[in-house]
Amino acid sequence: MSLSFRVWSSPLICKATLANGENNRTHHANDAAFIRRAADLAEMSAGITSPHPNFGCVITTCTGKVAGEGYLYAQGTKPAEALAVEAAGEFCRGSTAYLNMEPGDCHGDHTAVSALVQAGIGRVVVGIRHPLDHLRGSAIRELRSHGIEVNVLGEDFQSKVLEDARKSCLLVNAPLIHRACSRVPFSVLKYAMTLDGKIAASSGHAAWISSKLSRTRVFELRGRSDAVIVGGNTVRQDDPRLTARHGQGHTPTRIVMTQSLDLPEKANLWDVSEVSTIVVTQRGARKSFQKFLASKGVEVVEFDMLNPREVMEYFHLRGYLSILWECGGTLAASAISSSVIHKVVAFVAPKIIGGTKAPSPVGDLGMVEMTQALNLIDVCYEQVGPDMLVSGFLQPVPDLLPVIPSEDATFEIDPSFNPFEASIIFFYKTWDLYGSFSNFSPHSIRMPYGEEKDDYMTWSSVEHYYQANKFVGVKDPMAHDCVEKIRMARSPEEAARIGRSMQRQKPELVRNDWEDVKIDVMYMALKCKFSTYPHLKSQLLSTAGSVLVEASPHDLFWGGGREGEGLNYLGRLLMQLRAEYLSKSSVSAENTSLA
């Protein structure tokens, strides 16, 4: 595979001597095999709860036997390293842990690193460093500070077999790496075509080009994506559902991209009882139809200039990591021309339909010579039933380690530089620098449950508690069951999906006073979180003087909105809590001085 790698000016050389070349090759082969296994484990969580990084861990004994394995299910669940340590038990001491990616111990918890240190792991092999700037290198430094030998592929030693293993680590977290290195989500263009390159007959009929096995693979692709995007013509011609039925993982958000908003009033995508639909369109298009969609619960987002680049930059801001494009040829060509498509997945059926007017998967790209053709990188071929699956990358995975000056180096260049002068602090997803401020952060809280104020229960996150409170006190068994499902949800994302879905489908189960109390519910949960975790309280206090903005572009109540039009109640509550802490601290200091 052609991937971009950083060229190190003075790479560290493997300690093995030439006399031990054979042992060195064997050692590298073993390391590579276990790193690939860690990447395979990490892949198992892709799409189950999205978006979140994919982590896998393999622990091997001194004799090279696998003692324990684990993978991160989602943010807020037990780290892969901790699961592997539990599985390996007493075999951990002196063993080697293989990680596809440096642990992302955000929010000061250090759970993953602590698990490895306390288990007595002697060596850690890391496939790639964490791609996010504020996390990169921190876990590696901490492990080394405890006397653990840490080797990073491509840095501490190099070989062809290790480079291939490192590539597998890059690919399993390609969406996160693209987020770190660019302003668009990782996008995959998928289509099915006949042997003569047609995606439908001249009449527009397209069911079915590919086999049932291929369609099952498409469901799996959807289940691993945060969203699926189609054009208006696909909605008019095919009336798709865009679900992940029969596949693994969650059901992705459906996105319709249409400039004219010339869409039918009856469409499967307007049913948002189980999964949401977002329509992106040109500003001012069919205002009456926009109101109709809003009445159905469909979100409409207007753009001054509707093009794939603008749309993808917007969904990047919304925190989407991966998007599957299942559009027609015109939109596909526009997306490719805008350089937002990173990978192509094509199902080729052994059928010929002909027709000069039959549509092809990619429209006009303006190319007139074969030398202008776009070549795929790392092309793979796989037979799926009677069809051939061809896949490859249009763009390489970005350089994971761009040379970015440190704060000290930047200050030497520009003495006026001060990273602490920012008057506005934005936060949104849990991987952000201030991601611990999010109600989705993986911090459990103990809060009273139901009407009995003395009956306390542990909730996995603020979001778990908040969503469950929508149904607390409602005298209906279904409401009670919903609370239990939310409480048992394995991640904050799952808790949110359960709560929001039930609120849409069964609004009668939501407590009557919810709109009046939801702000208080959120504030009490946030207060409990920041009181429980001293390091979070310290981080909140460190923002004194700054405006806190929950940077969700689509949540106009808790978030700040795309253009600052949101109410930003989450940011407001955090500033209120910060002021409360500062006030108490001031009073305490005054009393101390008087004493």
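User: How many of the 595 residues of the protein count as buried, in percent?
Analyst: 50% of the 595 residues count as buried. Buried means under 20% relative accessible area, exposed over 50%, and partly exposed in between, with a 1.4 Å probe and protein chains only. This is a predicted model, where local features need pLDDT of at least 70 and side-chain atom pairs count only at pLDDT 80 or more, while totals for chains, interfaces and linings use all residues. Residues are numbered from 1 along each chain as its sequence is written, and side-chain values use heavy atoms, with hydrogens and water left out.

User: How many helices and strands does the protein have?
Analyst: There are 18 helices and 18 strands. Both are DSSP runs numbered from the N terminus: helices are H or I with at least four residues, strands are E with at least two.

User: Which residues touch the most other members in the largest nonpolar core?
Analyst: They are Ile 59, Leu 116, Ile 121, Val 124, Leu 263, Trp 270 and Val 279, in a core of 79 residues. A nonpolar core is a set of buried Ala, Val, Leu, Ile, Met, Phe, Trp, Tyr and Cys residues joined through side-chain atoms within 4.5 Å.

User: Which domains does this core draw from?
Analyst: Domain 1 (24–173) and domain 2 (182–393) each supply at least three residues. Those bounds come from an automatic or database domain assignment. Another core, of 42 residues, lies apart from it, with Phe 427, Ile 445, Ala 468 and Ala 495 among them.

User: What is Val 279 in contact with?
Analyst: Leaving aside neighbours within four places in sequence, the partners of Val 279 include Val 256, Leu 263, Trp 270, Leu 293 and Val 301. Contact means heavy atoms within 4.5 Å.

User: Changing topic. What is the strand order in the open sheet of 5 strands?
Analyst: The order is E2-E1-E3-E4-E5, with mixed pairing. Two strands pair if DSSP finds at least two bridges between them. Strand E2 (66–71) and strand E5 (149–152) are the edges, each pairing on one side only.

User: How many bridges join E1 to E2?
Analyst: 5 bridges join strand E1 (residues 56–60) to E2, and the two run antiparallel. Gly 56 has Tyr 71 in E2 as its bridge partner.

User: Which helix packs on that sheet?
Analyst: Helix H5 (residues 160–172) does, touching strand E3 (96–101) and strand E4 (123–128), and its direction makes about 65° with that of E4. Axes are lines fitted to C-alpha atoms, for helices over the stretch in contact, and angles run from 0 to 180 degrees between N-to-C directions.

User: Thr 96 is in E3. Why does Thr 96 count as buried?
Analyst: Thr 96 counts as buried because its relative accessible area is 12%. Beyond neighbours within four places in sequence, Thr 96 is in contact with Val 58, Ile 59, Thr 60, Arg 123 and Val 125.

User: And His 28, buried or exposed?
Analyst: His 28 is buried, at 4% relative accessibility. His 28 lies in helix H1 (residues 21–43). A polar contact of 3.1 Å joins the side chains of His 28 and Ser 159. Such a contact is a pair of N or O atoms within 3.5 Å; within protein, one must be able to donate a hydrogen and the other to accept it, and residues adjacent in sequence count only if both atoms are side-chain atoms.

User: Last one: how many residues of strand E6 are buried?
Analyst: In strand E6 (residues 186–194), 9 of 9 residues are buried. E6 runs parallel to strand E12 (residues 343–349), joined by 7 bridges.
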